[in-house]
Amino acid sequence: MNPALIKNFLSPVSAPVLDHYNIQTWIIGELPKLASFPSPKFVFVHVEVPHPPMVFNADGSMLTDPGFTDGGYIQPLNMDYYKTGYIDQIKFVDSRILQDIKEILVNSKTPPVIIIQGDHGEPWGINFDRMTILNAYYLPGIDYSKALYPSITPVNSFRVVFDQYFHGNLPLLPDKSYFSQRGTLWSFNYITEKMPECKK
């Protein structure tokens with residue numbers, strides 16, 4: 001039998017959690033290398049951090065306390081574990097992504113277009129908080145005041161890029177937000193009007 005498999009099996013951390021840690025670590029480690037690839041290129045990277053399972057300490061080492069992953073769906077056991085794990089993962093990924101972006105900018109012959117978006121916010125007991133996401137742009141050589149606006153949502157991110165860099169002439173879509181519960185995924189509720197911060 002493969003010694004690595006035996007080691008994983010005997011580890012106090014379950015194999016799915018260990019796999020998640022290794023995969024996310026590899027993705028983040030490979031990201032700054034992309035600048036050396038031949039251009040032009042489109043790179044889409046999905047980093048599942050700070051998304052559960054909670055596997056990273058703030059310094060990037062692996063969490064081994066089972067309280068962070070022994071709940072249902074490899075979730076933390078309670079909200080205290082959730083908040084602690086979430087904050088530590090935020091600290092880790094913030095420092096690593098900023099470091100990776102600096103390396104990409106330094107090593108890119110052509111200034112890259114970079115968009116960083118969260119897939120959803122954290123609920124903290126209120127489902128609509130999932131609408132608040134990180135949505136950051138690095139668009140070299142354009143007038144941000146004309147291309148971006150405070151209420152922009154991901155539906156228009158690439159329309160802005162295509163218009164600004166490729167003369168796409170694409171009309172912007174309405175920045176509307178919808179929400180559905182886990183048990184009723186296809187029952188969407190329009191919530192933009194219910195959340196004033198969506199309009200800021």
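1. Is F56 buried or exposed? In this model, which is predicted rather than determined by experiment, F56 has a relative accessible area of 0% and is therefore buried, since buried means under 20%.

2. A pair of aromatic rings is described by the distance of the centres and the angle of the planes. Nine aromatic pairs are counted here, and in one of them the rings of F56 and F92 have their centres 4.3 Å apart and their planes at 15°, so the pair is stacked. Because F56 lies in the loop between α2 (15–30) and α3 (79–107) while F92 lies in helix α3, the pair ties together parts that are 36 residues apart in sequence. F92, at 6% relative accessibility, also counts as buried.

3. The rings of Y82 and Y86 are likewise stacked, because their centres are 6.4 Å apart and their planes are at 20°. Both residues lie in helix α3, four residues apart, which is about one turn of the helix, and both Y82 and Y86 are buried.

4. On the surface, F42, F44, F158, F162, F166 and L170 form a nonpolar patch, with about 690 Å² of accessible area together. Among these residues, F42, F158, F162 and F166 form one aromatic cluster, whereas L170 is found in the loop between α5 (157–166) and β3 (178–179) and, at 31% relative accessibility, counts as partly exposed.

5. A charge also meets a ring in this model: the charged end of K176 sits over the ring of Y190, at 5.6 Å from the centre of that ring.

Methods: Residues are numbered from 1 along each chain as its sequence is written. This is a predicted model: local features need pLDDT of at least 70, side-chain atom pairs count only at pLDDT 80 or more; totals for chains, interfaces and linings use all residues. Side-chain values use heavy atoms; hydrogens and water are left out. Patches are made of residues with over 30% relative accessible area and no salt bridge: like charges are joined within 9 Å, nonpolar side chains (Val, Leu, Ile, Met, Phe, Trp, Tyr) within 5 Å. Accessible areas come from the Shrake-Rupley method with a 1.4 Å probe; for residues, only the protein chains shown count as cover. A salt bridge is a side-chain nitrogen of Lys or Arg within 4 Å of a carboxyl oxygen of Asp or Glu. Helices (H or I, at least four residues) and strands (E, at least two) are DSSP runs, numbered from the N terminus. Buried means under 20% relative accessible area, exposed over 50%, partly exposed in between (1.4 Å probe, protein chains only). Rings of Phe, Tyr and Trp (its six-membered ring) pair if their centres lie within 6.5 Å; planes under 30 degrees apart count as stacked, over 60 as edge-to-face and the rest as tilted. A charge sits over a ring if NZ of Lys or CZ of Arg is within 6 Å of the ring centre and within 35 degrees of the ring normal.
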